[in-house]
Amino acid sequence: MSQVRTRIAPSPTGDPHVGTAYIALFNKCFARQNKGKFILRIEDTDQDRSNKKSERDILNALAWMGLDWDEGPDRDGAFGPYRQSERGEIYSSHIDLLIERKKAFHCFCTRERLAEVRERQLKNKEPIGYDGHCLNLSEEEISKNLEQGLQSVIRMVVPDEGECRFEDGLRGEVRINWAQIDMQVLVKSDGLPTYHFANVVDDHLMNISHVIRGEEWINSTPKHVLLYEYFGWEPPMFFHMPLLRNPDKSKLSKRKNPTSIHYFRDAGYQPQSILNYLGMMGWSMPGSREKFSFEEMVSEFNIRRVSLGGPVFDIEKLDWLNGRYLREDLSDHEFWEQFTDWSFSQNRIEKIVPLLRDRVEKFSDVIPLVGFLFGDPPSISRESFNHSFLSATECLEILQLSIWELEKIEDWQRGLVENSLMSLAKKLNLKPKEFLFPLFVSITGKPISISVIEALAILGLDLCRARIRESMAVLGGLSKKNEKALTKKYRAMSE
RNA sequence: GUCCCCUUCGUCUAGAGGCCUAGGACUCCAGGUUUUCAUCCUGGCAACAGGGGUUCGAAACCCCUAGGGGACGCCA
């Protein structure tokens, strides 16, 4: 077999997700095991959502986890560029080829028309998808429309009968009827390719031999297989990994759980233990050994032994594993060194000291005052939220609204945190003192402490969100109905 | 709704037709070590989704049902 090449292809549209690290781990492991290469490609074809900060964060987070790559935007191999936004000419020459071969066509349908079609299909219980309206436009019509500057996209031609069969390396043959497959947009009206198109072109051009990705892609694999066929290319082997799950078994999501790698970093986990833990999701070391390094995983790995039930991401077990790393792998010296790097970095200390100096009379007052910045706050109960007039429900609402508001901050800084919360307080017609009460309890564990705005700024969104969520759970959580009402209220407030 | 995928203790998993009275780990409980706690050690609770086949023999293979998840975007 020619060289094994695998890739991780994150989209820089948000926080670095543990699911990305999970898939990256298996790709890198498989590549290493086969003496191949592991490539990182940035899929930034969504102009609205992609951003440089997210790209930087994802790259840093993967590197922090030990999941560094052989080729990528910052590490050129022979197959660059590794950022899809820099590969425009490649996509346009390839789409021309498909149009020439009549495997792709211009589509001038308006969004309104597409919405109508969808509605009709939904009502008639037909499969949902493009109805082929522009499939047979004449050359003249097309060039006329293009000259007039009508908005258009390019879609792929898909057979309307028969079935697509492809091999999944973990499941065996998968069959999907072509009737289920939509005439996917390949090039958007902004001229950029969609995932389905760019992904196939790039995987081929980058010589990717094995595509190891999440199960969510199974249903669109026929589109990809078809594109390989249209181009006359040999498709790679496909392996669809099970999806990481929330405790309620739904796909792991930040709405319900910490999913950002930043959270785990900020909460003081060891990157090796997270990596080890992810390696236990869907796979197990022969001999049922649970603590193992990446290198050990590489030497024992067998992708055929991946189990397919979606694994629940169980933080309790991660905690146990991480504890073992701390106890077993670090000398006292290393432990202290790493702990202080994590908690007492120069940058952090400079922010903290001014906050506490005026409030202490002796050094022994320091830890009780700001201990919550270095670890979990004192445990809180329902009673912790007793207030002269704010009810538990009101506290819950304030907390939820605060999360939503804080999540909108792109660049986490003190001033922005303050503005966002103070304007929220104003909209709620609450004095800052009242509004901040539940936040004080959630974040610091006490109704009175150093400035909670400062604390939020220092702790970062991920840790704060986790604490606020925990408090909400202590308070019994928002009912579905309340949450819905609150969502509505929030939307109205934001306008 | 349509299609696809999945299904072993609460959770992560072992299991390639007889080694299964189903093993390990987390959690929880009990006991031991320890001045306390934690660690550590010992023990315990706890699962093959259900029903049909195939087979001398099924957790494993096939079918049906149920349950869960995912996809159905000019997001990836």
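Predicted model: local features only at pLDDT ≥ 70, side-chain atom pairs only at ≥ 80, totals over all residues.
**The surface near RNA strand B**

RNA strand B is surrounded by 48 residues. Thr45, Lys188, Glu215, Gly282 and Glu290 are the closest. Sorted by class, this surface holds 19 charged, 16 nonpolar and 13 polar residues.

Which parts of the RNA lie within 4 Å of the protein, sugar and phosphate or bases? Of the RNA atoms in that range, 79% belong to sugar or phosphate. The rest belong to bases.

Three elements each supply at least two residues of the surface: helix H4 (111-123), strand S6 (172-177) and helix H11. H11 gives the largest share, with 4 residues.

| Residue | Protein atom | Atom of RNA strand B | Distance |
|---|---|---|---|
| Ser189 | polar side-chain atom | base oxygen | 2.7 Å |
| Lys317 | polar side-chain atom | base nitrogen | 2.9 Å |
| Tyr195 | polar backbone atom | phosphate oxygen | 3.1 Å |

Ser189 and Lys317 each use a side-chain atom and face a base. Tyr195 uses a backbone atom and faces a phosphate oxygen.

**H9 against H11**

H11 (residues 315-329) also packs on another helix, H9 (residues 271-279). The angle is about 135 degrees, and the axes lie 9 Å apart.

From H9, the contact takes in Gln272, Ser273, Ile274, Asn276 and Tyr277. From H11, the partners are Lys317, Leu318, Leu321, Asn322 and Tyr325. By class, these residues split into 5 nonpolar, 4 polar and 1 charged.

**H16 against H17**

The second pair joins H16 (residues 414-427) and H17 (residues 432-444). Their axes are again 9 Å apart, with a packing angle of about 115 degrees. H16 passes H17 in a right-handed crossing.

Which residues of H16 and H17 meet? H16 brings Leu421, Met422, Leu424 and Ala425. H17 brings Pro432, Phe435, Leu436 and Leu439. This contact has 8 nonpolar residues, with no polar and no charged ones. The H9 and H11 contact, by comparison, includes 4 polar residues and 1 charged residue.

**Asp266**

Asp266 sits in helix H8 (residues 261-266). What joins the side chains of Asp266 and Arg265? A polar contact of 3.0 Å does. Setting aside neighbours within four places in sequence, Asp266 touches Trp342, Leu459, Asp462 and Leu463.

Technical notes
Residues numbered from 1 in each chain as written. Chains lettered and ligands numbered in written order. Heavy atoms only, no water. Axes fitted to C-alpha atoms, helices over the stretch in contact; angles between N-to-C directions. Contact = heavy atoms within 4.5 Å. Nonpolar A, V, L, I, M, F, W, Y, C, P; charged D, E, K, R; others polar. Near = heavy atom within 4 Å. Polar contact = N/O pair within 3.5 Å; in protein donor to acceptor, adjacent residues only side chain to side chain. Left-handed = near helix turned anticlockwise from the far one by under 90°.
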